[in-house]
Amino acid sequence: MSTVAPSPAPPDVDAAAQADAEAAFRDANPAFGSTAIIDELRRTEYRRLDARGDVYLDYTGGSLYAESQLEHHLRLVRDGVYGNPHSVNPTSSASTALVERARAAVLRHFNAPPGEYVCIFTPNATGALRLVGEAYPFGPLDRFLATCDNHNSVNGIREFARARGARTAYVPLDTPDLRVTDATLERHLDAGVMARHGLFAYPAQSNFSGVKHPLEWIAPAHDQGWDVLLDCAAFAPTSRLDLATWNPDFVAISFYKMFGYPTGLGALLARVRTLDRLRRPWFAGGSVVAATVQSDTVAPRSGHAGFEDGTVDYLGIPAVEIGLCHLERIGVDTISRRVEALGTWLLEALQRLRHSGGAPATRIYGPATGDRRGARDALTFLHPDGRVVDERFVDLLAAAHNISVRTGCFCNPGAGEAAFALSKERMLGVELSEGMSFDDYIERLGMPTGGAVRVSLGLASNFADVYRFISFANEFRDLADVPPGLPPRVGC
Ligand SMILES: Cc1ncc(COP(=O)(O)O)c(C=O)c1O
C-alpha cells in the first residue's frame, strides 16, 4: 500500500474516487514511490498550481519554474553589479565569469567530453536551428534530409538549403505509429554518399506524438557521410542526453522547456570539428576579432564566440545554471520515470474511454503503448457517430476547468499530415492563398478538424493532474454535437 498522501481533489472531482484511483496506480507502479521528491516539490516550490487550481498539461509548450529558481536569480542580480561583458572592467568581468560558469554547466549537464563540444547561447531552440541552417555549407552537390516528423523550425532549414542549390528530401513516417522504419531510413541515408555535404535533421522526441526517434541513428548516419542535427527541444526536459555516448554534430535546446525560467534563452551544442566547417552569412559585434571598413576585411572569432551576435543575455544566462541545478536536484532520471508511469496510465485511460453504446470516445495519434515514447499524447475526442470533436470546443471546455493543454498541429505539419492521412495528392492544388481564412483552407483540404489536442507531462506533474484530465475527458462521452459559434482558427 502507498504511504504517500493522495494529492488534493478540487471541488468538481470526487475526492474518494481520486484517492482510490491514486492508491491503485501507486500499487501498480511501485517505482513511482521513488519519485516522491516531486510530490514534495508540488507542495512547496510549485504550490501555486494547487493554490490557483491550475491543471498544467502543456510541458512540451513550456516547463514550469520553481520558486527557488526565481529567488536565487533575484538575489544574484540584486546583490551584484554586472556590466556588459564586452569589456575587461570589474563589472564586465563579473558578468563574463557568470556567463562562462553557465556555459560550463550546460556542457556538464549533457556530459559533453571536454574540448569536443561548444555551447552557443541563442534566444531559443529555433535560434540554434537557424544558426546551423544559415551557416551550413550547402551547395549544388549537397543534401538536406529531414524526417517528416519535425518542428517547423527544422523544416525551415530546407529554404536555406534550396536557396543554395542543395537537394532536399523527407523521410516518411509509418502509420499509425508515426515512427520511421529501419528500412526506410536506410534507403534515405544511402543517398548521403552521393553528396559533398549532407545534413540530416530529426527530433530525439516528437513534439506531436511523443515518439522517441532512436539516438542509434546517429552512428549509421555518420557512416554514410551525414552531419546530424538532433532537435532535443522536446526530449531534453524529461530525458537524459549523454554526449559522451551519442555524438550528434548539432543539438538544439530551449531552456524554458527544461525548467521554465528564464524564457528567451536556448543553446546550440555543436561538435567543434563540424562547427569549423560552418560559414556564417554575416558578422556582427561580438562575433569578430576585427573588421575593417576601408579594406573590407573581417576576422571572425573562433568557437562559440563566432556564433553569438551582439551582447549575450548576461543577466538571464546565470539563471540557466540555477535552472540546471534545480533539474539535477530532482534528477532527470527521476522525472523520466515519473512521467513514463503517469503517461502510460493516462494513455491507457484515454484508450479505454467509450461512449455508452461502446464506440471509442478518443483517437490517439502515434504508438498504442508508452514504449519508446515521451509522456505526451496527441489525440482527438470523437462523437458517438465517429466524427471528430472540434478542437476549439475542447479548448473552451478545458479553459472552463482551468486545464491548460495545447490544440492544433503544434508547428509539426509533417506529423499532422501523417496522423490525419493527408496525402500529397490531396494537398496539391489546395493552397492557402491570399485572403483565404485558415478555416476555409482546412475545409478545402477535407480535414475533419483543425488539429489534435496535446496533453504533455513534465517535471512537476502529479497523479491529480492526469486524473483531472481523465475526469474532464469523461465529459465528451455521449457528446452528440458541439455548440455553434466557435471562434475562427487563426492558423496551425
Ligand atoms: C521539437 C521542437 N523543436 C523546436 C521547437 C522550437 O522551440 P522554440 O519555440 O523554443 O524555439 C519546439 C517548440 O515547441 C519543439 O517542440
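**A loop and its surroundings**

Tutor: Let's begin with Pro262, which sits in the loop between α11 (255-259) and β8 (266-271). Keep in mind that this is a predicted model. The peptide bond that joins Tyr261 and Pro262 is cis, with omega at about 10 degrees.

You can find another cis bond by looking at Thr175 and Pro176, where omega is near 5 degrees. Pro176 also belongs to a loop, the one between β4 (167-171) and α9 (182-190).

While you are looking at loops, the backbone at two other places deserves a glance. Asn111, in the loop between α5 (90-109) and β2 (117-122), has a phi near 50 degrees, a positive value in a residue other than glycine. Asn111 is partly exposed, at 39% relative accessibility. Arg372 also has a positive phi near 50 degrees, and its place is the loop between β11 (362-365) and β12 (376-381).

Glu134 is part of helix α6 (residues 125-135). With a relative accessibility of 11%, Glu134 counts as buried. Leaving aside residues up to four places away in sequence, Glu134 touches Phe160, Arg164, Arg279, Arg280 and Pro281.

The model has zero disulfides. For Cys232, the nearest cysteine sulfur is that of Cys119, 13 Å away. Cys232 is buried, with a relative accessible area of 0%, whereas Cys411 is partly exposed at 25%.

Now step back to the whole protein. Its secondary structure comes to 19 helices and 15 strands. The radius of gyration is 24 Å, close to the 23 Å that the globule rule gives for 492 residues, so the protein is as compact as a globular protein of that length. Along the principal axes, the C-alpha atoms fill a box of roughly 80 × 60 × 45 Å.

Buried residues account for 54% of the 492 residues. Of the contacts between residues at least 6 apart in sequence, 72% join residues at least 24 apart. The accessible surface is about 21200 Å², and carbon and sulfur atoms hold 54% of that surface. As for charge, the protein has 48 positive and 58 negative charges, and their mean positions are 3 Å apart.

Definitions and conventions:
Residues are numbered from 1 along each chain as its sequence is written. This is a predicted model: local features need pLDDT of at least 70, side-chain atom pairs count only at pLDDT 80 or more; totals for chains, interfaces and linings use all residues. Side-chain values use heavy atoms; hydrogens and water are left out. Helices (H or I, at least four residues) and strands (E, at least two) are DSSP runs, numbered from the N terminus. The radius of gyration is taken over C-alpha atoms; the globule rule is 2.2 Å times the number of residues to the power 0.38. Buried means under 20% relative accessible area, exposed over 50%, partly exposed in between (1.4 Å probe, protein chains only). Contact means heavy atoms within 4.5 Å. Accessible areas come from the Shrake-Rupley method with a 1.4 Å probe; for residues, only the protein chains shown count as cover. Lys and Arg count as positive and Asp and Glu as negative; His and the chain ends are not counted. The place of a charge is taken as NZ of Lys, CZ of Arg, CG of Asp or CD of Glu. A disulfide is a pair of cysteine sulfur atoms within 2.5 Å.
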